[in-house]
Amino acid sequence: MANSALHSKNLICESLDELHAIAKEIISCAGDYRTWIFNGEMGAGKTTLISAICSQLGVKDNVQSPTFSIVNEYRTYNSKTINHFDFYRIKDEEEALDIGVDDYFYSEDFNFVEWPSKVASLIPQSHFEVKIQADYSGRRLIELIKHG
């Protein structure tokens, strides 16, 4: 993940009421990127934002954090697949390789990755980064960065 950014954009989400509009904006900015990494502290809203993005992409399943399963697969109404990873609990990159993460990352599916720092050397050079930071008032500052 140590490559330079190609493009950056900042968004502010004042409340959950704005989440679906923010999700649409993020999807539009991401373009053709298939691997998206989500960075933010615990409780910053990564899973909530991923849920809103999945809803905008037509996921018919209930989106929830894959903290214990490591990966959840969701299907959209048009039969596309979204893989949602949460690497918070993995011990090392070898554990991610054991579940076949490299096959996921280099597929045509969307891959949404929480806690990407745990698998930093496995993230494709070409990826879309979503940085989320909650401020003292509860609003979210979101930075979108295209890499590769």
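Asparagine 83 is buried in this predicted model. Its relative accessibility is 0%, and the cut-off for a buried residue is under 20%, so asparagine 83 qualifies. The residue sits in strand β4, which spans residues 81-86.

What does asparagine 83 touch, beyond residues up to four places away in sequence? Val71, Asn72 and Glu73 are among the contacts.

Aspartate 109 belongs to the loop between α4 (101-105) and β5 (110-114). Is aspartate 109 buried, exposed or partly exposed? Its relative accessibility is 25%. Leaving aside neighbours within four places in sequence, aspartate 109 contacts Arg34, Thr81 and Asn83. Lysine 80 is 29 residues away along the chain, yet its C-alpha is 7.0 Å from that of aspartate 109.

Step back to serine 79. This residue is in the loop between β3 (71-75) and β4. Its relative accessible area is 61%, so serine 79 is exposed. Its backbone also stands out. Most residues other than glycine have a negative phi. Serine 79 has a positive phi, near 65°. Tryptophan 115 is a further non-glycine residue with a positive phi, at about 60°. Tryptophan 115 lies in the loop between β5 and β6 (127-134).

Now turn to the helices. Helix α1 runs over residues 19-30 and has 12 residues. From first C-alpha to last, α1 reaches 16 Å, close to the 16 Å expected at 1.5 Å a residue. Its buried residues are Leu19, Ile22, Ala23, Ile26, Cys29 and Ala30. Why do they fall on the same side of α1? They cover an arc of only 125° around the axis, which puts them there. The face turned away from that buried side carries exposed residues: Ala21, Lys24 and Ser28. Just after α1 comes glycine 31, with a positive phi of about 55°.

Helix α2 covers residues 46-56. Its buried residues are Lys46, Leu49, Ile50, Ala52, Ile53 and Cys54. Just after α2, glycine 58 takes a positive phi of about 90°.

How do the two helices meet? Two packed helices are described by the angle between their axes and the distance between the axes. The axes of α1 and α2 come within 9 Å. They cross at roughly 70°. The two helices are therefore roughly perpendicular to each other. On the α1 side, the contact is made by Leu19, His20, Ile22, Ala23, Lys24, Ile26 and Ile27. On the α2 side, Thr48, Leu49, Ala52, Ile53, Ser55 and Gln56 take part. Eight of the contact residues are nonpolar, four are polar and one is charged.

Note on methods. Residues are numbered from 1 along each chain as its sequence is written. This is a predicted model: local features need pLDDT of at least 70, side-chain atom pairs count only at pLDDT 80 or more; totals for chains, interfaces and linings use all residues. Side-chain values use heavy atoms; hydrogens and water are left out. Helices (H or I, at least four residues) and strands (E, at least two) are DSSP runs, numbered from the N terminus. The expected span of a helix is 1.5 Å times one less than its number of residues. Buried means under 20% relative accessible area, exposed over 50%, partly exposed in between (1.4 Å probe, protein chains only). The arc is that of the directions from the helix axis to the C-beta atoms. Axes are lines fitted to C-alpha atoms, for helices over the stretch in contact, and angles run from 0 to 180 degrees between N-to-C directions. Angles under 35 degrees count as roughly parallel, over 145 as roughly antiparallel, 65 to 115 as roughly perpendicular and the rest as oblique. Contact means heavy atoms within 4.5 Å. Ala, Val, Leu, Ile, Met, Phe, Trp, Tyr, Cys and Pro count as nonpolar, Asp, Glu, Lys and Arg as charged, and the others, Gly among them, as polar.
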